[in-house]
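Colleague: I have a few minutes to go through this one. Can you put it up?

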Amino acid sequence: INAEIGASDVVVFSKSYCPFCTKTKYLFEDLEVDFKTYELNQMDDGADIQAALLELTGQNTVPSVFVKGQHVGGNDACQAAAKGGKLQEMLGL
């Protein structure tokens, strides 16, 4: 997981059917920021990755978002960070 997190500025661990994940992905699209998405429900080891994310972050839900290697949280945290300008600051926008 750490390799995936380090490989992109923004990494979203998601599930394709999750409406909160969709909102988070739209947020980054609106900011015109490239991001890497891992759709856990479409991966053979998705449950294992989600379990590892829980150990790493203490968060068991998706989306689980990392910006520049730092765990931001889920959709609510990302939306709040964008509204307050913190997300843009983290991304150098």
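Modeller: Helices (H or I, at least four residues) and strands (E, at least two) are DSSP runs, numbered from the N terminus. The model is predicted: local features need pLDDT of at least 70, side-chain atom pairs count only at pLDDT 80 or more, and totals for chains, interfaces and linings use all residues. Residues are numbered from 1 along each chain as its sequence is written, and side-chain values use heavy atoms, with hydrogens and water left out.

Colleague: Start with H4. Which of its residues are buried?

Modeller: H4 spans residues 75–84, and its buried residues (under 20% relative accessible area, 1.4 Å probe, protein chains only) are Asn75, Cys78, Ala81 and Ala82. Those four sit on the same side of H4, because they cover an arc of only 130° around the axis, taken from the directions from the axis to the C-beta atoms.

Colleague: And what is exposed on the other side?

Modeller: Asp76, Ala80, Lys83 and Gly84 are exposed there, exposed being over 50% and partly exposed in between.

Colleague: What covers the buried side of H4?

Modeller: The cover includes H2, strand S3 (64–67), strand S4 (70–73) and helix H5 (86–91). Just after H4 comes glycine 85, with a positive phi of about 90°.

Colleague: H5, then. What does leucine 87 touch?

Modeller: Leucine 87 belongs to H5 and is buried, at a relative accessible area of 0%. Apart from neighbours within four places in sequence, leucine 87 has contacts (heavy atoms within 4.5 Å) with Leu27, Phe28, Leu31, Val67, Cys78, Ala81 and Ala82. Cys78, Ala81 and Ala82 are also among the buried residues of H4. For proline 19, which is 68 residues from leucine 87 along the chain, the C-alpha separation is 20 Å.

Colleague: Change of topic. How many aromatic pairs are there?

Modeller: The search of the whole structure finds three; rings of Phe, Tyr and Trp (its six-membered ring) pair if their centres lie within 6.5 Å, and planes under 30 degrees apart are stacked, over 60 edge-to-face, the rest tilted. Phenylalanine 13 and tyrosine 38 are stacked, since their ring centres are 5.3 Å apart and their planes at 20°. That pair links distant parts of the chain, with phenylalanine 13 in strand S1 and tyrosine 38 in strand S2, 25 residues apart.

Colleague: Are those two buried or exposed?

Modeller: Phenylalanine 13 is buried at 2% relative accessibility, and tyrosine 38 is buried at 17%. Phenylalanine 13 also pairs with phenylalanine 66: centres 6.0 Å apart, planes at 85°, so edge-to-face. Phenylalanine 66 is in strand S3, so this pair ties together parts 53 residues apart in sequence. Phenylalanine 66 is buried too, at 4%. Phe13, Tyr38 and Phe66 form one aromatic cluster.

Colleague: How do S1 and S2 run?

Modeller: Parallel: four bridges join S1 (residues 10–14) to S2 (residues 36–39), where strands pair if DSSP finds at least two bridges. Serine 14 is opposite glutamate 39 in S2.

Colleague: Which peptide bond is cis?

Modeller: The bond from valine 62 to proline 63, with omega near 0°. Proline 63 is in the loop between helix H3 (46–57) and S3.
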